[in-house]
Amino acid sequence: MMDSMKHCTICPRNCGVNRYEGEKGYCHAGLLPKCALASIHEWEEPPISGTKGSGTVFFSHCNLNCIFCQNNTISAEGFGKTLTIENLADVFLSQQKKCVHNINLVSPTHFIPQVRQAILLAKSKGLSIPIVYNTNAYEKVESLKLLEGLIDVYLPDLKYVSASYSNEFSHAADYFEYAKYAILEMKRQQPNDIFDENGILQKGVIIRHLVLPGCYKDSFAVLHWIKQNMGKDTYVSLLNQYTPMYKALEYKQIARKLTTLEYQNVVKYFFDVGLKNGFVQNKCSATSDYIPLFDLSGLP
């Protein structure tokens, strides 16, 4: 699997760089996995965080370049610590010892082969709790297939349908063309949502959508696509936490917070289009207070 790093096409950027030789592509990731934090996260969706928290592992770098990214310190600037495969497997096992509900891999796309090896190694050493794949959904189906049988819960963002928005705000005009097939592949791998007796998701898919100011029609398009292609019972998390950060203040349309009416209109459309299962957020979520402190905690 690691041979794919000699001509990296693991994500839709298809950079073709030789990561063995230190060449860097769009994401600037090296050969070995790089992480910025391993922590207990209590603010994911209720079926993910539950009462014990989610064992998050934040990966450095990113294959998108969202101008509003709240984690830009690690995604764009690349802060973090390089780990061996063995180190990463040990991080998973250390998280499990904290009695969290799951291992939550945050933005792991550009390290899929390495993550696969680490999961297999950790499982051979006793990793048994569910593994959550938390992604921006700018993924290739063939790469996701490398993870089949290893990921229990997929937690993709579906950011945009509009190529104009995805190009302007995330520098990926082809975002939706890849994201829609990636999410369908996630659903193929985990077709049924299975919860334990405490309501914690053990298998399944939850699709997140961050509602952006002035982009409500695109949010409608996202929800329409989910209903038409994933079904009315699909779990959708409508995020009301947008806060203009990083470079967002340079773009007039999204240089402000979401209004209550904008968010309520998207929630109303969720029901109007026929979706049944979802999560909403209070407006108090729209703050930088919930951004993790990336200080290498929990890493060897």
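## Aromatic pairs

Rings of Phe, Tyr and Trp (its six-membered ring) count as a pair if their centres lie within 6.5 Å; planes under 30 degrees apart are stacked, over 60 edge-to-face and the rest tilted. By this rule Tyr138, Tyr160, Tyr175 and Tyr178 form one aromatic cluster. The model is predicted: local features need pLDDT of at least 70, side-chain atom pairs count only at pLDDT 80 or more, and totals for chains, interfaces and linings use all residues. Residues are numbered from 1 along each chain as its sequence is written, and side-chain values use heavy atoms, without hydrogens and water.

The whole structure holds 15 aromatic pairs. In one of them, the ring centres of Tyr138 and Tyr178 are 6.0 Å apart with planes at 85°, so this pair is edge-to-face. Tyr138 belongs to the loop between β5 (131-135) and α5 (141-144) and Tyr178 to helix α7 (residues 175-189), so the pair ties together parts 40 residues apart in sequence. Helices (H or I, at least four residues) and strands (E, at least two) are DSSP runs, numbered from the N terminus.

## Burial

Buried means under 20% relative accessible area, exposed over 50%, and partly exposed in between (1.4 Å probe, protein chains only). Tyr138 is buried at 1%, whereas Tyr178 is partly exposed at 27%.

## Strand β6

Strand β6 (residues 153-156) is covered on both faces, with Val153 and Leu155 buried on one side and Tyr154 and Pro156 on the other. Strands pair if DSSP finds at least two bridges between them. β6 pairs with β5 in the parallel sense over four bridges, and Thr135 stands opposite Pro156. Two bridges join β6 to the parallel strand β8 (residues 201-210), where Val205 stands opposite Tyr154.
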